[in-house]
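Biologist: Show me the model, please. I want to go through its labels and ask what stands behind each one.

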Amino acid sequence: MMGDNDHINEQTPLLTQSHGHQVVRHDKNNKRKITLQTYGFTFGFLVLLTVLVYTIRSSLPTPLSDNAAAVVDGFPGIHAYNEYLSQLTEPHPVNSRANIDMKAWLDKIALDFKKEGELNGIKVDVITNDTITLLTKSDWYSENEHWVIPSRNLLVRIHGQSGSNDSILLNAHYDSVPTSYGVTDDGMGVVVMLELLRYYIQHPPQKTIIFLFNNFEEGGLMGAKQFIQHPWFHTVKLFLNLEGAGAGGRALLFRCSSLQAAKKLASNAPLVHATPLGNDMFSLGLLKSDTDYTILEAAGLPGMDIAFYTPRSHYHTPLDHLNYTTPNAVQHMGQMVLATLQAIDKTNGFFDEEQETQLVYYDILGKIMFAYNFDTHGLGNGVALVITPLLALIWTLLSANGQHNHGTSVDYLVKRTIVVIEGFIATLFAFFVTVLFVGVSAFGLLKINPMVTYANIIAVGFYIFLAGLLGVLVSQLLLSKMKSLRGSLSFVETHFYGLTSFWWIMLIFSTYAGSKHVAILYFAMFSFIGNVLGCILYHAITPLGSVLSLVLSFLIQTGLPLTMMLDQTFLVMDSMRHSTVDGTPEIAVYGLLAIPIILMSMQLQPWINKAGQKGFASLVMLTIVVLTFAICCVLPSFNNTWSPNKLIFAQEYNSTTGLSTVSITGVPGVDSELQKILPAHELDTLHCEIFKKYRIQCFYETDLVPIYADQPNEMSITVKDTQCHDDTCQTHISFTSQNSLLCRIQFDGEKERITKAWAQNMETEKDQPVGSLITYNLQYGQPVEWGVEYKRSMSTEDKSNMSLTATIGCFYDEWSQGQIPAFSYLHENLDDTNTLLLRGQGLSLVYYDRLDLS
């Protein structure tokens, strides 16, 4: 019979005799000294690694001048910034004169490049007057909207020297939301395209390249939808969409449906940044925004979505201006895109091979990028899942030859298997306890200071990490009380086996997720490799358990996995910390942040056991966790630098009744911000309610109305005629706004009587539900011709219950010169920890007249 600890007291590659028979008694001070040394080395390494990872991953390239770029055939970021981006000094939404000026500026540049190209013998097509008019259904403001949007897109095509019409599409939108200067969203995408247009005019490409500078992306992705109807669309084989949802920083490949293009980026760009998490976050609804990529991919094109993403607090706000970006950021996006285009352009037959649209892609600290398909992902995982246990089995059986005092090789194998199982049990128990500790800690902070992640996510991340370490400590302390496990769990290698087994199981989950084309667990392979190598190295260096063996094993076992986890943690911090004010649940931010932090804590399990003194260490860690919790509870949620609170502004004004209402939407606390600054007569009308579960929406009445709304000739409406035949009537109406390009006809009452409606010669489908028409003009003062066909009411009931009405209103979005006083008042009087924004279009909606069509 074996004694309780016989299975760990023999010379094997798993657990060695040198540990089993030697019991060294240390006094309490010496034990604590060893504990402090171990933790000192561990945390010192963690601090250095964290600083190193953050520094490397945050680095931006040096922007190149024209001369420097010419030497390396690279992207001149300084020229792009100074010549183009510096011109973006005012908001330019679709419903503004600045948008018209922006288009004229782009037209001039494109036509100048066309002339230069012709001098160089390059065929260049420029379309400044795109004739596409889009009729599309949407639910942006209300249900069953039908938008009639003529194109203000600019299209440029450089014909390739190969003579083929097959083309690459570069796309960026030049409009901004009304509340933003549009420097990052999407000015930097636009100027990168201008610089690439300049490059290819001087360096004729082999393949045809189409440059789409589209309008009306904000508010429905209309420009991309219009391009799908353009004849050039059918020549496109691949697209690159350039976007911005932050204020500079690094550009990120966050969605991709072309493995071949991703490989070109990975192997040619000097600094790369990519993650498959963008696809997963969009599919889960955790990112409350969209890009033209969605439209182009849905139309059957493979492509890449490259965007700036941090800080999201500046996204769609007046803080998206030149002060918050740099030429370095322009350089980063520009060289990523140029390197990809150059590589594709040099590849013969690139369009001939079928594009693989399902792929895994990611970078490591911006220095190395991997891109492969899910078959390769599954194959690599499968090989690791099969080969590693087989090699461990062979190694164990070979080692058994030297063991003659404990039965047959089978007996020996059983003993080793028990040790591995015990290690896995310890790791699995540590995982569940750590999840519990992190969950409770996060829940407590979420209840007391729910928005602290917005401005202080690094502090919160540190707090969660400490809670994770406390969970691992407590789990190992509890296990040490179990006599059946106490012996084997005192050895470092037992926990190596447990962690390796844990990551082996994670590889199974990663493989299954990959079979569903979900790449979120791609990092499992790196953690598995780190633990396997750490285990091998520990046994390869003699004497076993020496300082050299321990140090090198620690560096290998923790280095690669922690690097990957830290990189993921910073990515989550950057991408998700400011998403809560857009409607992302705060608990989702905590959950995404906790995943890599829990796995980092788990990785330290062997060294927590090596340090010993678990009771003392747990007490110290609990004290630190409590102190950190107390600090996080009083940290501010917002600040005036990188994390201002975002408040969504909207105004409705009825020019007939004189009633003007402002709505402000934000996270809880928006009412107190308004109470600080609103005049007494507006404050008396203030009332707030819960909006979409996680936010607060407040309303108040104001006498500050849009200046254009009360001008005597702002709106003219003419009912041309109404004709009825049998049971159907048609009404033809015209209206003209002098200072708005974007207007709405809202139908109320018996809308089901409407059989069709039309505007600007575009007609809805027969018997399709029509709630409203949204019309857009390219110039101010142009009439909007519209009409509606509806069935006569055959009811003999009270006429007031069966009326059909149409309310005509227009949106106003120009505010920088005081045109919307209610917006300007808030913009000027809110403290600088708050900023205003609007997603889409329509800062102020003015209702002019209600027509009875019945």
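Modeller: Start with a term. Buried means under 20% relative accessible area, exposed means over 50%, and partly exposed lies in between, with a 1.4 Å probe and protein chains only. In helix 24 (residues 821-829), the residues that count as buried are Ala822, Phe823, Ser824 and Leu826.

Biologist: What kind of model is this, and how are residues numbered?

Modeller: This is a predicted model: local features need pLDDT of at least 70, side-chain atom pairs count only at pLDDT 80 or more, and totals for chains, interfaces and linings use all residues. Residues are numbered from 1 along each chain as its sequence is written, and side-chain values use heavy atoms, leaving out hydrogens and water.

Biologist: What covers the buried residues of helix 24?

Modeller: The cover includes strand 12 (645-654), strand 13 (660-666), helix 22 (670-677), strand 15 (695-701) and strand 24 (834-837). Contact means heavy atoms within 4.5 Å.

Biologist: What makes something a helix or a strand here?

Modeller: Both are DSSP runs, numbered from the N terminus: helices are H or I with at least four residues, strands are E with at least two. The chain has 24 helices and 25 strands. Of its 854 residues, 59% count as buried.

Biologist: How do you know that the reach of helix 19 is close to the expected one?

Modeller: The expected span is 1.5 Å times one less than the number of residues. Helix 19 (residues 586-603) has 18 residues, and 26 Å is expected. From first C-alpha to last, helix 19 reaches 27 Å. That is close.

Biologist: Where is the kink in helix 19?

Modeller: At alanine 594, shortly before proline 596. The bend at a residue is the angle between axes fitted to the seven residues ending there and the seven starting there. At alanine 594 the kink is about 30 degrees.

Biologist: Why is isoleucine 808 called buried?

Modeller: The cut-off is under 20%. Isoleucine 808 has a relative accessible area of 0%, so the label holds. This residue lies in strand 23 (residues 804-812). Beyond its neighbours within four places in sequence, isoleucine 808 is in contact with residues including Met715, Phe735, Trp786 and Tyr848. Isoleucine 808 and cysteine 743 are 65 residues apart in sequence, yet 7.5 Å apart in space, C-alpha to C-alpha.

Biologist: What makes the phi of histidine 316 worth a note?

Modeller: Most residues other than glycine have a negative phi, and most peptide bonds are trans. The phi of histidine 316 is near 70 degrees, a positive value. Histidine 316 sits in the loop between strand 9 and helix 11. Its relative accessible area is 3%, so histidine 316 is buried. Leucine 365 also has a positive phi, near 60 degrees. The loop between strand 10 (359-364) and strand 11 (368-373) holds leucine 365. At 12%, leucine 365 is buried.

Biologist: Which omega goes with the cis peptide bond from threonine 310 to proline 311?

Modeller: Omega there is near -5 degrees. Proline 311 lies in the loop between strand 9 (303-308) and helix 11 (327-346). Another cis bond joins aspartate 185 and aspartate 186, with omega about 5 degrees. Aspartate 186 belongs to helix 6 (residues 183-202).
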